[in-house]
Amino acid sequence: MSKLVNLGSLCIDHVYEVPRLARAGETVASTGYARHAGGKGLNQSLAAARAGARVAHFGCIGADGALLRQVLAAEGVDVGGIREVAEPSGHGVIQVAPDGDNAIVIAGGANRAVTPADVAAALNACAADDWLLLQNEINDLPGVLSAAAARGTRVAFNVAPVDGREQHYDLGSVALLVVNEIEAAALAGRDAPAAALEVLAQRFPAAAVVLTQGAEGLRWRAPDSAGYVPAIAVQAKDETAAGDAFTGYLMAGLLAGASLAQALRQGAAAGALAVTVAGAAPSIPARSAVQQLLAQRSE
């Protein structure tokens with residue numbers, strides 16, 4: 001059975017409910033606080049596992065990160081590639097407004113301690129029909145991308161969050177590129193989503209490029225197809241990890257043999273459900289819930 005090998009971040013999220021997102025120079029009193037497992041890598045591994053995929057996660061945590069390993073292991077993720085390092089685990093500070101909007105500050109911590117040996121271990125775990133999944137929250141991504149290209153590994157890259165480093169990445173060998181509007185604009189140098197998607201599709205003609213637009217749905221361009229998936233209307237509570245739920249379910253669909261269009265619809269349903277629940281990892285929906293929502297949409 002094909003699997004997902006995720007060389008990705010793991011974070012401890014500190015989530016603050018606020019009446020509104022703080023502006024520059026402003027102090028806002030929190031109306032609620034919670035601590036969750038998170039990090040784009042962890043969230044996406046969790047989502048893929050809940051979607052039924054076989055998942056192996058590689059990455060680094062600190063001595064404070066036992067929770068992160070436990071959360072993944074409890075969902076059946078292979079955590080043998082998670083290594084403890086001297087640095088504290090990565091963490092995020094997240095503001096969540098009543099309408100679900102959020103603002104996030106992340107500290108890389110142990111996520112920036114990935115070594116060439118960690119990269120080699122992840123690549124060695126990849127069989128020919130597996131996918132290697134990456135996000136932009138670990139260090140030395142140019143080295144990871146180069147090593148994966150040299151081996152002919154099939155790579156999916158969610159270029160999130162953008163932080164300037166992505167401008168120097170060689171993405172020519174990436175098979176699947178997943179971006180939101182901000183990330184697409186940063187990579188393509190175009191603010192309009194349609195224009196950014198066109199630029200990226202032309203720049204990476206061998207890749208499938210997926211551009212998510214939140215409530216506006218998503219668009220994709222691939223070598224042999226293109227299309228649009230409308231958003232599913234829901235009552236948003238917290239948008240944290242919606243993109244990660246989408247990406248994990250998308251990858252699980254592809255691993256299960258679904259077409260890109262089918263896998264994207266599955267991912268869109270997972271992302272919609274994720275915004276209805278507070279937190280990152282806690283908001284990743286179960287497979288049964290995603291299937292039920294898709295069934296309702298097809299009636």
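## Helices H7 and H8

H7 and helix H8 (residues 260-274) pack with their axes 7 Å apart, at an angle of about 150 degrees. Angles over 145 degrees count as roughly antiparallel, so that is how H7 runs relative to H8. Keep in mind as you look around that this is a predicted model. The way H7 passes H8 is a right-handed crossing.

Which residues meet here? On the H7 side you'll find Ala242, Ala245, Phe246, Tyr249, Leu250, Ala252, Gly253 and Leu254. Facing them in H8 are Leu260, Ala263, Leu264, Gln266, Gly267, Ala268, Ala270, Gly271 and Ala274. Sort the residues of this H7 and H8 contact by type and you get 13 nonpolar, 4 polar and no charged.

## H7 again, this time with H1

H7 (residues 242-255) also has helix H1 (residues 40-50) beside it: their axes come within 7 Å and cross at roughly 45 degrees. That angle makes H1 oblique to H7. The crossing of H1 and H7 is right-handed.

H1 brings Lys40, Asn43, Gln44, Ala47, Ala48 and Arg50 to this contact, while H7 brings Asp244, Ala245, Thr247, Gly248, Tyr249 and Ala252. The residues of the H1 and H7 contact divide into 5 nonpolar, 4 polar and 3 charged. Look back at the H8 side and you'll see some of these H7 names there too, including Ala245, Tyr249 and Ala252.

Ala241, in the loop between strand S13 (225-229) and H7, has a positive phi of about 75 degrees although it is not a glycine. Is Ala241 buried or exposed? Ala241 is buried, with a relative accessible area of 8%.

## Helices H5 and H6

Now to another pair of helices. Helix H5 (residues 181-188) and helix H6 (residues 193-203) have their axes 9 Å apart and pack at an angle of about 55 degrees. That makes H5 oblique to H6. This time the crossing is left-handed as H5 passes H6.

From H5, the contact takes in Glu181, Ala184, Ala185, Leu187 and Ala188; from H6, it takes in Pro193, Ala196, Val199, Leu200 and Arg203. The tally for H5 with H6 is 8 nonpolar, no polar and 2 charged.

## Two aromatic pairs

How many aromatic pairs turn up in a search of the whole structure? There are 2 of them. In one, the rings of Tyr16 and Tyr33 have their centres 5.1 Å apart and their planes at 45 degrees, so this pair is tilted. Tyr16 sits in strand S2 (residues 11-17) and Tyr33 in strand S3 (residues 32-38), so the pair ties together parts that are 17 residues apart in sequence. Tyr16 is partly exposed, at a relative accessible area of 31%, and Tyr33 is partly exposed as well, at 47%.

Phe157 and Tyr169 also form a tilted pair, at 5.9 Å centre to centre with 40 degrees between the planes. Phe157 belongs to strand S9 (residues 155-158) and Tyr169 to the loop between S9 and strand S10 (176-180), so parts that are 12 residues apart in sequence are tied together here. Phe157 is buried, with a relative accessible area of 0%, and Tyr169 counts as buried at 10%.

## The loop between S9 and S10

Stay in this loop for a moment. His168 is placed in the loop between S9 and S10, and with a relative accessible area of 66% His168 is exposed. How far apart in space are His168 and Leu187? They lie 9.9 Å apart, C-alpha to C-alpha, and 19 residues apart in sequence.

Pro161 is in the loop between S9 and S10 too. Check the backbone here: the peptide bond from Ala160 to Pro161 is cis, with omega near -5 degrees.

## One more backbone spot

Why point out details like these? Most residues other than glycine have a negative phi, and most peptide bonds are trans. Asp140 is another one to look up: it is not a glycine, yet Asp140 has a positive phi of about 55 degrees. You'll find Asp140 in the loop between strand S8 (131-135) and helix H4 (141-151). Asp140 is partly exposed, with a relative accessible area of 40%.

Key: Residues are numbered from 1 along each chain as its sequence is written. This is a predicted model: local features need pLDDT of at least 70, side-chain atom pairs count only at pLDDT 80 or more; totals for chains, interfaces and linings use all residues. Side-chain values use heavy atoms; hydrogens and water are left out. Axes are lines fitted to C-alpha atoms, for helices over the stretch in contact, and angles run from 0 to 180 degrees between N-to-C directions. Helices (H or I, at least four residues) and strands (E, at least two) are DSSP runs, numbered from the N terminus. Angles under 35 degrees count as roughly parallel, over 145 as roughly antiparallel, 65 to 115 as roughly perpendicular and the rest as oblique. A crossing is left-handed if the near helix is turned anticlockwise from the far one by less than a right angle, and right-handed if clockwise. Contact means heavy atoms within 4.5 Å. Ala, Val, Leu, Ile, Met, Phe, Trp, Tyr, Cys and Pro count as nonpolar, Asp, Glu, Lys and Arg as charged, and the others, Gly among them, as polar. Rings of Phe, Tyr and Trp (its six-membered ring) pair if their centres lie within 6.5 Å; planes under 30 degrees apart count as stacked, over 60 as edge-to-face and the rest as tilted. Buried means under 20% relative accessible area, exposed over 50%, partly exposed in between (1.4 Å probe, protein chains only).
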